[in-house]
Amino acid sequence: MAKLVCNFYSYVLNRAVDITVVLPSVTCPESLGLAGYPPSHELVAKFPVVYLLHGFGNNHAQWTGYTNVEMYAEERRIAIVNISAENKAYARVGGDDFMRFLDEELPSFLKNYFPVSDDPKETYIAGLSMGGYGAYIHGLTHPERFAAIGAFSAGLGINPETFASDPLGSRSFTPPDEYNPESLALKCKEEGKTFPKIYASCGTLDQLYAVDKAFADKLKELGADVTWAETEGRGHEWRFWDAQIEAFLDWIERDDHYGLLGKRIV
């Protein structure tokens, strides 16, 4: 596994930003010839990629700090990208256009600097809490760009304009249509667009459980292919999200070179 922490200047945000990129690489079993294929740093194909979004109060470092996502990505030969989006819900707030940064600039930067695929069939977006909300609004705004969406304990109903200053109170407001996951889902349906496959989950003790499950059911009614997962006795917590990112990586359908390679080895 190669873990790279990168600081680069964003022309959309007009300042330097931090991201973490996790790339599969040669492991000890591979170097000893125990993995079924010879060790090499030469790539035969770009890696499929998951844009993995953090929650409120977090940054690019929390997913790799609190979960085993590096190991999961290594085992499944898939790249993980974490960004720092502050508390702005991956939207346009004030002078910070995280919508455009995540939709346009970041994929362009990664394509040109890292061996990650830009094929929509090999591109996934997922996140926890605020990041689950972000995964929904980006995945449903541009359904043609992602093969699947993962939303773990998604903070639905966020009003990006007030969320940073009042994260709990802001949920009592209806967000504008461009940032409302239900409105975006209805728009996908009305325009005849194909939904990305959706994996939604929440712990049964989480205060977001009822809302998240209801939205998953709504997506099913609209024709989306939705998998709902819940864990009894879990709340809004990292142990749940650690299990869910592993489950999500196992759930996504892989027809890329590395996914097929894994099937051949097994």
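**Close-up views of a predicted model**

**View A. Alanine 2 is set opposite leucine 23, a residue of E2.** The model is predicted, so local features are given only at pLDDT of at least 70 and side-chain atom pairs only at pLDDT 80 or more, whereas totals for chains, interfaces and linings use all residues. Residue numbers start from 1 along each chain as its sequence is written, and side-chain values rest on heavy atoms, with hydrogens and water left out. Strands (E, at least two residues) and helices (H or I, at least four) are DSSP runs numbered from the N terminus. E1 and E2 (residues 15-23) run antiparallel and are joined by nine bridges; two strands count as paired if DSSP finds at least two bridges between them.

**View B. Eight strands make up an open sheet of mixed pairing.** The strand order is E1-E2-E4-E3-E7-E8-E9-E10. Its edges are E1 (2-10) and E10 (226-231), each of which pairs on one side only. From one strand to the next, the twist averages 20°. Axes are lines fitted to C-alpha atoms, for helices over the stretch in contact, and angles between N-to-C directions run from 0 to 180 degrees.

**View C. Strand E8 (residues 148-152) is mostly covered, with five of its five residues buried.** Buried denotes a relative accessible area under 20%, exposed over 50%, and partly exposed the range in between (1.4 Å probe, protein chains only). On one side of E8 the buried residues are Ala148, Gly150 and Phe152, and on the other they are Ile149 and Ala151. Strand E7 (residues 123-128) pairs with E8 in the parallel sense over five bridges, and isoleucine 125 is opposite isoleucine 149 of E8. E8 is also joined to strand E9 (residues 197-203) by five bridges, again in the parallel sense. Here alanine 151 faces alanine 200 of E9.

**View D. Strand E9 links onward to E10 through six bridges, and the two run parallel.** Alanine 200 has tryptophan 228 as its bridge partner in E10. E9 is mostly covered, since six of its seven residues are buried. Together with helix H8 (residues 209-221), E9 and E10 make a β-α-β unit that is right-handed: with the strands pointing away from the viewer, the path from the first strand over the helix to the second runs clockwise. Cysteine 202 counts as buried because its relative accessibility is 0%; cysteine 6 likewise counts as buried, at 16%. A search of the whole structure for disulfides (pairs of cysteine sulfur atoms within 2.5 Å) finds zero.

**View E. Helices H5 and H3 lie across strands of the sheet.** H5 (residues 130-141) forms a right-handed β-α-β unit with E7 and E8. Helix H3 (residues 69-76) lies across E1, E2, E3 (49-53) and E4 (79-83), at about 55° to E2.

**View F. Glutamate 74, located in helix H3, is shown with arginine 77.** The relative accessible area of glutamate 74 is 11%, and the residue is therefore classed as buried. Its side chain is joined to that of arginine 77 by a polar contact of 2.6 Å. A polar contact is a pair of N or O atoms within 3.5 Å; within protein, one atom must be able to donate a hydrogen and the other to accept it, and residues adjacent in sequence count only if both atoms are side-chain atoms.

View G. From C-alpha to C-alpha, serine 165 and arginine 100 are 22 Å apart in space, with a sequence separation of 65 residues.

Terms used:
Contact = heavy atoms within 4.5 Å.
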